[in-house]
Amino acid sequence: MPLVDVPDPQIILTVRSNSMPTHAGEVAFPGGKRDPGDKDLLMTALRESEEEVGLSPDYVDVLGQLSPLASRYGMKVTPFVGIVRPDVELQAEPGEIDTIFQVPLQFFLDEIPELSSPIDVFGRQFRIPSYYYEDKRIWGLTAFMILDLINHVYDAGIEFEVK
């Protein structure tokens, strides 16, 4: 979860290429699967961010890890939060990423997400959050991660699990 270190912090997001086998055309954070050569999940996150959007680890100050989440395909996703220098120049890997864009963190604090009807996810009931920023829908696991961040950092209190 890269956050650009500017007075109004910006979250870096991507639109995945339509040629991707999963999540084609969806908004996501840079990231991907662990390679056998990765010593840990942080190394995976940094390597994948560099491969997908050209974000060199030299430009990232890692703040920490958020709670792991399960994707709808049953994959465990472990988000890391990092502060990115504002002078970073990003370049999309065309085979994986269609677009790189930034959203002010404040947008997620000001907007109330649209929540779906409850759905069953691995035996628990959740409402899937969606945000609409410009012409992009930010939803699902990406929105869950953003909500986890703002609930922890800003005590936003946005509930998406049905009790």
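Reader: Is aspartate 155 buried or exposed?
Author: In this predicted model, the relative accessibility of aspartate 155 comes to 66%. Because a residue counts as exposed at over 50% relative accessible area, aspartate 155 is exposed.

Reader: Where does aspartate 155 lie, and what is its phi?
Author: Aspartate 155 belongs to the segment after helix H3, which covers 140–154. Most residues other than glycine have a negative phi. Aspartate 155, although not a glycine, has a positive phi, and its value is near 50°.

Reader: How many of the 15 residues of H3 are buried?
Author: The buried residues of H3 include Phe144, Met145, Ile146 and Leu147, and Asp148 and Asn151 are also among them. Helix H3 is therefore described as mostly covered, since buried means under 20% relative accessible area, and the number of its 15 residues that are buried is eleven.

Reader: What distance does H3 reach from its first C-alpha to its last?
Author: H3 has 15 residues, and at 1.5 Å a residue the expected span is 21 Å. The distance in the model is close to that expectation, and from first C-alpha to last H3 reaches 21 Å.

Reader: Which loop holds glutamate 134, and what relative accessible area does glutamate 134 have?
Author: Glutamate 134 sits in the loop between strand E12 (129–133) and strand E13 (136–139). Glutamate 134 is not a glycine, yet it has a positive phi of about 55°. Glutamate 134 is also exposed, and its relative accessible area is 65%.

How values were computed. Residues are numbered from 1 along each chain as its sequence is written. This is a predicted model: local features need pLDDT of at least 70, side-chain atom pairs count only at pLDDT 80 or more; totals for chains, interfaces and linings use all residues. Side-chain values use heavy atoms; hydrogens and water are left out. Helices (H or I, at least four residues) and strands (E, at least two) are DSSP runs, numbered from the N terminus. Buried means under 20% relative accessible area, exposed over 50%, partly exposed in between (1.4 Å probe, protein chains only). The expected span of a helix is 1.5 Å times one less than its number of residues.
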